[in-house]
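Dear colleague,

Please find below the structure that I am handing over to you. My findings follow directly after it.

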Amino acid sequence: IIIDCSNFRTKNRFPVLSYFNENLSNGNLWRCSQPKIGLLNNRNKNDEKYLYQISQHSNGLIVYDARSSVVAMANRFKGGGTENPDNYFGTKIV
């Protein structure tokens, strides 16, 4: 699953836990790179399952994309993109 998820992310940047605070609910910070969705809206079931598991252990998951929506859309022409909330159950995209 790890290799499959890594291959679905730009530069193989697998989602990893970067910060954890046991005193805060939802105090986890995970980092990764954009998914390789491209123009064909590619999906990866293992990536979706992995992020779902993170959401179950973190009381939900919010994906923050620091890029503008124009840049995120333009990256789809290069094979990138952003997570589709319809494919990532229990995940909110901001």
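Tyr52 is partly exposed, with a relative accessible area of 29%. In these notes, buried means under 20% relative accessible area, exposed means over 50%, and partly exposed lies in between, with a 1.4 Å probe and protein chains only. Please note that this is a predicted model, in which local features need pLDDT of at least 70, side-chain atom pairs count only at pLDDT 80 or more, and totals for chains, interfaces and linings use all residues. Residues are numbered from 1 along each chain as its sequence is written, and side-chain values use heavy atoms, with hydrogens and water left out.

Aromatic pairs

The structure holds three aromatic pairs. Rings of Phe, Tyr and Trp (its six-membered ring) pair if their centres lie within 6.5 Å; planes under 30 degrees apart count as stacked, over 60 as edge-to-face and the rest as tilted. In one of the pairs, the ring centres of Phe14 and Tyr50 are 4.8 Å apart and the planes stand at 35 degrees, so this pair is tilted. It links distant parts of the chain, as Phe14 is in the loop between α1 and β1 and Tyr50 in helix α2 (residues 45–57), 36 residues apart. Helices (H or I, at least four residues) and strands (E, at least two) are DSSP runs, numbered from the N terminus. Phe14 has a relative accessible area of 17% and is therefore buried.

Tyr52 also takes part in a ring pair: its ring centre and that of Phe89 are 5.9 Å apart with planes at 45 degrees, so the pair is tilted. Since Tyr52 lies in helix α2 and Phe89 in the loop between α3 and β4, the pair ties together parts that are 37 residues apart in sequence. Phe89 counts as exposed, at 61% relative accessibility.

Salt bridges

There are four salt bridges in the structure, each being a side-chain nitrogen of Lys or Arg within 4 Å of a carboxyl oxygen of Asp or Glu. Glu83 forms one with Arg9, and their closest N and O atoms are 2.6 Å apart. Glu83 lies in the loop between α3 (69–76) and β4 (91–93), and Arg9 in the loop between α1 (2–7) and β1 (16–20), so the pair ties together parts that are 74 residues apart in sequence. Both Glu83 and Arg9 are buried.

In the salt bridge of Arg43 with Glu48, the closest N and O atoms are 2.9 Å apart. Arg43 is partly exposed at a relative accessible area of 44%, whereas Glu48 counts as buried at 8% relative accessibility. Arg67 forms a salt bridge with Asp65, with closest N and O atoms 2.5 Å apart. Arg67 counts as partly exposed at 25% relative accessibility, and Asp65 counts as partly exposed at 22%. Salt bridges that share partners join Arg9, Asp47 and Glu83 into one network.

Loop residues

Lys11 is not a glycine, yet has a positive phi of about 55 degrees. Lys11 is placed in the loop between α1 and β1 and is exposed, with a relative accessible area of 63%. Asn12, not a glycine either, has a positive phi of about 55 degrees. Asn12 lies in the loop between α1 and β1 and counts as partly exposed at 42% relative accessibility.

Yours sincerely
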